[in-house]
Amino acid sequence: MSHDWPLYEVFVRGKRGLNHVHVGSLHAADDQMALHHARDLYTRRNEGVSIWVVKATDITASSPDEKDPFFAPSGDKVYRHPTFYDIPDDVPHM
Amino acid sequence: MTDLQEHFQRTLDRDQRLEPRDWVPDGYRKTMIRQIAQHAHSEIIGMQPEGNWITRAPSLRRKAILLAKVQDEAGHGLYLYSAAETLGAERAELTEKLIDGKQKYSSIFNYPTLNFADVGVIGWLVDGAAICNQVPLCRCSYGPYARAMIRICKEESFHQRQGYELLMTMMRGTDAQRRMVQDATDRWWWPSLMMFGPPDGDSPNTEQSMAWKIKRHTNDELRQRFVDMSVPQAEALGATLPDPSLCWNAERGHYDFGEIDWSEFKQVVRGNGPCNAQRVAHRRAAHDNGAWVREAALAHAAKHSAREEAAA
Ligand SMILES: [Fe+2]
Ligand SMILES: [Fe+2]
């Protein structure tokens with residue numbers, strides 16, 4: 001048995017209507033303890049209405065570099081943006 | 001320059017943040033881990049001088065405030081350990097290094113808290129100096145550290161204000177209380193100035209840290225900023241800062257101040273301050289006494305997941 005409690009990543013929803021946002025990590029023996037510790041550590045001042053915890057080992061991540069080839073497929077698709085299209089100024093509500 | 005090095009340099013040049021999975025030079029990683037770990041250790045050890053007064057706080061209000069403040073410091077330590085782990089450091093290893101005396105923490109916490117005004121002066125000066133140090137770190141090039149600092153800085157302003165308010169209350173009290181405030185100010189002023197580290201001429205790592213955008217200002221710049229902020233605060237409080245050479249220099253637009261006793265600083269850093277041994281021994285005892293809790297929680301978790309698997 002490993003001597004260290006596993007690492008959990010913590011995500012907090014600041015208020016209703018907002019996304020959960022990653023705030024940091026903590027160690028806990030199990031999921032329930034991770035939730036309790038997350039509450040005590042990351043929401044001491046009403047910073048959240050909902051918390052997600054997930055074992056760090058269960059996360060699969062891309063590299064954070066925005067120039068990563070992983071994101072290349074969307075890089076050349078300028079036609080996905082509304083500004084790609086020329087519409088005369090006198091066309092209303094467009 | 002390889003692609004990786006170029007990416008690292010470009011990120012710095014554009015004043016963007018480096019994130020956990022980015023390639024960084026070994027030296028950057030080592031420096032960052034050491035700095036974040038020492039910072040985390042300081043928060044954790046920093047609970048002790050003030051924790052000393054929790055049971056003896058003079059009112060329920062002060063006790064609740066002090067307890068909340070000390071809890072915050074624990075939180076700061078944990079945010080920072082979590083940031084250090086994103087660089088590949090192990091939490092348990094960092095704790096070992098602290099209790100084995102292999103990694104340092106801020107020398108300020110090796111001074112004793114002799115009277116209750118110390119709690120106020122620590123909030124005012126020690127947390128005040130920490131804020132001066134930490135605000136520029138919110139723009140540090142390492143993303144997880146910068147984000148932890150933003151979170152911490154938000155909480156620190158309560159720390160400083162509760163301390164100053166406590167002192168104002170004592171200054172409105174009896175002569176004995178005013179003497180306590182002055183005594184605490186006398187003892188904490190110089191160690192607070194030392195919190196910014198050695199003078200620029202004697203700080204070999206500053207240049208590299210500035211190039212890596214870990215540090216944004218030199219030790220002496222931050223120290224000067226702190227002095228300039230503190231003098232009017234001391235005046236408003238009615239306390240005297242224990243430095244006869246402290247005076248406004250109109251030409252520089254700053255306060256001049258006296259020579260810091262760097263030999264004292266070096267002694268405390270080397271482990272010979274008044275409380276070094278006590279602080280580390282206390283941390284070690286807390287860690288050792290908690291071992292059975294960590295083991296029991298793991299055993300409990302293992303039993304539960306085994307039961308759930310059997311039920312599935
Ligand atoms: Fe703190
Ligand atoms: Fe603080």
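Predicted model: local features only at pLDDT ≥ 70, side-chain atom pairs only at ≥ 80, totals over all residues.
Me: Which residues coordinate the iron ion (ligand 2)?

Reply: Look for donor atoms around the metal; N, O and S atoms within 2.8 Å count. For the iron ion (ligand 2) these come from Glu73(B) (OE), Asp127(B) (OD), Glu156(B) (OE) and His159(B) (ND1), at 2.0 to 2.2 Å. Along the chain, the spacing of these donors is E-x53-D-x28-E-x2-H.

Me: Why is the arrangement around the iron ion (ligand 2) irregular?

Reply: Four donors count as tetrahedral if all angles lie between 85 and 135 degrees. Here the four donor atoms subtend angles of 83 to 170°, which makes the arrangement irregular.

Me: What coordinates the iron ion (ligand 1)?

Reply: Its donors are Glu43(B) (OE), Glu73(B) (OE), His76(B) (ND1) and Glu156(B) (OE), at 2.1 to 2.3 Å. Their spacing in sequence is E-x29-E-x2-H-x79-E. This site is irregular too, with angles of 81 to 152° among its four donor atoms. His76(B), in helix 4 (residues 60-85) of chain B, and Glu156(B), in helix 7 of chain B, are 80 residues apart and link distant parts of the chain.

Me: Are His76(B) and Glu156(B) buried or exposed?

Reply: Both are buried.

Me: Which residue bridges the two iron ions?

Reply: Glu73(B) bridges ligand 1 and ligand 2, and these iron ions lie 3.3 Å apart.

How values were computed: Residues numbered from 1 in each chain as written. Chains lettered and ligands numbered in written order. Heavy atoms only, no water. Donors = N, O, S within 2.8 Å, 3.2 Å for Na, K, Ca; no water. Tetrahedral: all angles 85-135°; square planar, octahedral: opposite > 155°, others 65-115°. Helix = DSSP H or I, 4+ residues; strand = E, 2+ residues; numbered from the N terminus. Buried < 20%, exposed > 50% of the residue type's maximum accessible area, 1.4 Å probe, protein only.
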